[in-house]
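Visitor: Could you walk me through how to read a few features of this protein?
Guide: Gladly; let us look at it together.

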Amino acid sequence: MTDHPLQDNPLLDFSGLPRFDMLTPADVQPAISTLLGRCRALIERQTADDLAATWTDFAAPLFDGFEQLSRAWGTVGHVHSVNDIPAWRDAYNGMLPEVARFYAEVGQNLQLFDKYKAIAASNGYARLSVAQQRIVDHEIRDFRLSGAELAAKDKPRFQAIAEELAQLSAKFSENLLDATNAFAEMLSDESELAGLPDDARQAAREAAERDGKSGWKFTLHMPSYLPVMQYADSRRLRAVMYRAYATRAAEFGAAELDNTPLIRRILELRREQAQLLGYQNFAEVSLVPKMAASVPQVLGFLRDLAVKARPFAEQDIADLRAFARSELGLDHIEAWDIAYVSEKLLQARYAFSEHEVKQYFTEDKVLSGLITVIETLFGVRIQPDQAPLWHPDVRFYRIETPAGELIGQFYLDLYARETKRGGAWMDEAISRRKRPEVSPTLTRDDIQKPVAYLNCNFSRPVCDQDGKLRPATFTHDDVITLFHETGHGLHHLLTRVDEIGVAGIHGVEWDAVELPSQFMENYCWEWSVLQKMSAHIDTGEPLPRALFDKMLAAKNFQSGLQTLRQVEFSLFDLLLHSDFDPAAGRSVLELLDEVRREVAVFIPPEWHRFPNSFAHIFAGGYGAGYYSYKWAEVLSADCYGAFEETGNPFDQATGQRFLNEILSTGGSRSAIDNFRAFRGREPQVDALLRHRGMSAAQNLEDLEHAHHHRPAP
């Protein structure tokens with residue numbers, strides 16, 4: 001591939017959507033280097049002594065200038081995630097240290113810091129909008145967290161740590177993807193496929209054919225791995241797949257893909273970084289911009305939840321063992337039996353299987369149902385749209401007002417690919433903001449419209465035995481995942497805030513950012529929704545009410561186990577970043593064992609290397625923040641309770657209030673204030689426990705104080 005002249009470089013074209021049709025890896029270095037140069041020149045101008053420390057003269061031009069770098073680098077990072085081929089990996093990693101160095105320099109620039117402090121101290125501060133005041137406050141906080149107040153002798157070290165952490169996180173993610181791709185189980189004996197659904201068999205056959213082989217190929221990507229663990233009668237096959245999955249990116253595979261030394265180094269650097277800032281540990285730093293006030297508060301929240309969930313989890317595992325013994329002849333359940341026995345117990349207890357349900361969730365019908373939910377709840381319209389794409393599978397949509405005015409747009413990349421990182425995520429392509437070249441009096445055309453990426457890893461369409469391509473079908477869990485990521489997307493897209501620093505998900509406390517995503521999951525359990533978003537792949541019939549009733553009865557199947565699992569991950573993450581010293585001799589795995597002894601009711605094999613694939617905390621921004629999922633679930637369940645109290649999940653007044661007080665405000669107001677404005681009171685945990693089938697009632701009074709201001713150390 002050849003690169004473009006600088007004036008034609010697609011990464012430097014900010015006139016519209018990203019130019020994925022023109023973009024090549026060779027464009028990355030010249031474009032990002034150019035933008036870094038522009039930003040450094042802008043900083044030089046904005047820190048001049050004679051430049052007034054006002055929002056209009058100082059802050060607004062900085063946000064406008066930095067936005068182009070953020071957009072271009074965001075595009076590069078996105079392609080690295082969805083098309084991780086060697087050329088793109090090299091292009092991304094080639095510029096990653098430069099970008100990390102720039103942001104570390106910005107965070108330590110005392111002249112910039114002093115200008116923001118001057119704004120905060122000026123008479124003009126009171127005349128700023130609430131959103132602008134919040135941005136100034138956040139900037140001052142973030143400068144402190146970026147080492148702006150460090151002694152000059154410590155700043156180079158702090159900057160070097162930031163650069164190395166960025167590289168380590170990228171390497172962690174790449175190792176995990178490469179280790180996932182490195183394993184395949186080829187089968188030639190059809191008897192080993194017993195129990196597997198037809199679509200899983202067909203996908204495995206097509207995977208083998210793509211490699212020019214006969215038989216069936218199974219991989220560690222979710223659409224291939226999960227059906228084996230749930231349905232394969234072959235205990236040998238399940239054991240092989242489980243061990244391969246559980247030991248990815250560990251010492252059992254290629255040495256260059258082992259994440260163990262990366263984990264240790266990340267923890268050392270985060271601890272050193274925190275102590276340079278005057279904190280005891282990284283968890284304390286992580287909590288500064290979050291709702292939660294302290295490590296003990298979060299530990300108390302998690303341990304309280306564990307106590308409430310434990311009796312249900314103990315019953316779940318006892319039921320599994322009894323069923324395995326009496327119905328399946330398994331006297332001892334191994335880790336690779338859990339999903340299989342659970343599926344058999346689910347079928348026996350509720351007389352249906354996830355595979356049976358999957359036949360009703362065809363791709364187009366699910367997407368149509370999702371769109372209907374959004375349109376009905378929030379009074380908008382969603383239409384297919386056109387855009388340059390990074391892969392033929394990707395879809396593109398626009399969100400409009402009923403009158404046809406553009407609100408935002410989003411890409412939808414649904415299927416798993418070997419070059420795409422695992423999991424599901426939302427990311428921003430373009431953020432809403434007031435454009436810099438316009439007058440203070442806004443018209444509709446003066447606002448840059450937001451654009452989002454929604455990414456999943458679902459099964460793609462496969463051919464039937466006659467070679468005819470059948471629509472993709474999704475499990476109900478896939479449907480929930482899609483609604484979840486769409487909730488994040490709506491948070492980004494439906495914002496009405498015009499200042500980019502707090503528009504959409506910007507400036508939202510990390511432990512509240514899951515509120516809209518988890519809120520949307522509730523609609524996957526509403527009969528009126530599932531009726532319209534389901535059509536059997538063969539008959540076209542909607543989901544039968546009798547089958548839905550069974551799903552509803554099974555909704556909280558093993559909710560105790562699932563809750564304890566999330567608490568286990570969250571506790572491990574928080575203790576790892578607060579109570580763990582990498583230099584003290586105790587290993588990461590020893591800490592994990594301690595956490596499991598405290599909260600788990602089923603212990604995985606000693607060779608399980610869960611931390612080595614825990615990308616959320618080592619490569620995904622959730623370090624000392626994984627608890628956010630459960631914390632935000634309290635908020636989201638309570639918000640959905642407002643709809644339940646009306647008796648109508650699509651109550652128009654409540655939907656508009658949720659839009660106005662939660663989604664559209666972005667980070668312009670604290671999350672607890674958003675919640676209070678919507679609900680009219682403090683959060684309560686009882687809706688969560690009720691939704692999870694673990695009913696109890698208790699006020700989360702500690703949340704009331706979670707937004708209090710903490711001075712810097």
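Visitor: Let us begin with strand pairing. Which residue of β9 is the bridge partner of Ile430?
Guide: Ile430 has Val451 in β9 as its bridge partner. Before going further, note that this is a predicted model, in which local features need pLDDT of at least 70 and side-chain atom pairs count only at pLDDT 80 or more, while totals for chains, interfaces and linings use all residues. Residues are numbered from 1 along each chain as its sequence is written, and side-chain values use heavy atoms, with hydrogens and water left out.

Visitor: How many bridges join β6 to β9, and in which sense do they run?
Guide: Two strands pair if DSSP finds at least two bridges between them. Strand β6 (residues 425-430) is joined to β9 by five bridges, and the two run antiparallel. Strand β5 (residues 406-415) pairs with β9 in the parallel sense, over six bridges. There, Tyr411 stands opposite Tyr453 of β9. As for the names, helices (H or I, at least four residues) and strands (E, at least two) are DSSP runs numbered from the N terminus.

Visitor: Which residues lie on each side of β9, and are they buried or exposed?
Guide: In a regular strand the side chains alternate between the two faces of the sheet. Buried means under 20% relative accessible area, exposed over 50%, and partly exposed in between (1.4 Å probe, protein chains only). In β9 (residues 451-458), eight of its eight residues are buried. Val451, Tyr453, Asn455 and Asn457 are on one side, with Ala452, Leu454, Cys456 and Phe458 on the other.

Visitor: Which residues touch the most other members of the largest nonpolar core?
Guide: In soluble globular proteins, nonpolar side chains tend to be buried together. A nonpolar core is a set of buried Ala, Val, Leu, Ile, Met, Phe, Trp, Tyr and Cys residues joined through side-chain atoms within 4.5 Å. The largest one here has 166 residues, and Phe378, Tyr523 and Phe658 touch the most other members. Its largest share, 13 residues, comes from helix α12 (residues 295-327). Apart from this core lies another, of 61 residues, which includes Phe20, Leu96, Ile430 and Val502.

Visitor: What is Tyr523 in contact with, leaving aside neighbours within four places in sequence?
Guide: Contact means heavy atoms within 4.5 Å. With those neighbours left aside, the contacts of Tyr523 are Val373, Leu377, Phe483, Val529, Tyr640, Phe643, Pro649 and Phe650.

Visitor: And helices: how many residues of α8 are buried?
Guide: Seven of the 10 residues in α8 (residues 222-231) are buried, among them Tyr225, Met229 and Tyr231. The buried residues of α8 pack against α7 (198-210), β2 (216-219), α9, α13 and α14.

Visitor: Last one: where does Ala351 lie, and what is its phi?
Guide: Ala351 lies in the loop between α13 (338-350) and α14 (354-358), with a positive phi of about 60 degrees although it is not a glycine. Ala351 is partly exposed, at 47% relative accessibility. Ala249, in the loop between α9 (235-246) and α10 (260-276), also has a positive phi, near 55 degrees, but Ala249 is buried at 4%.
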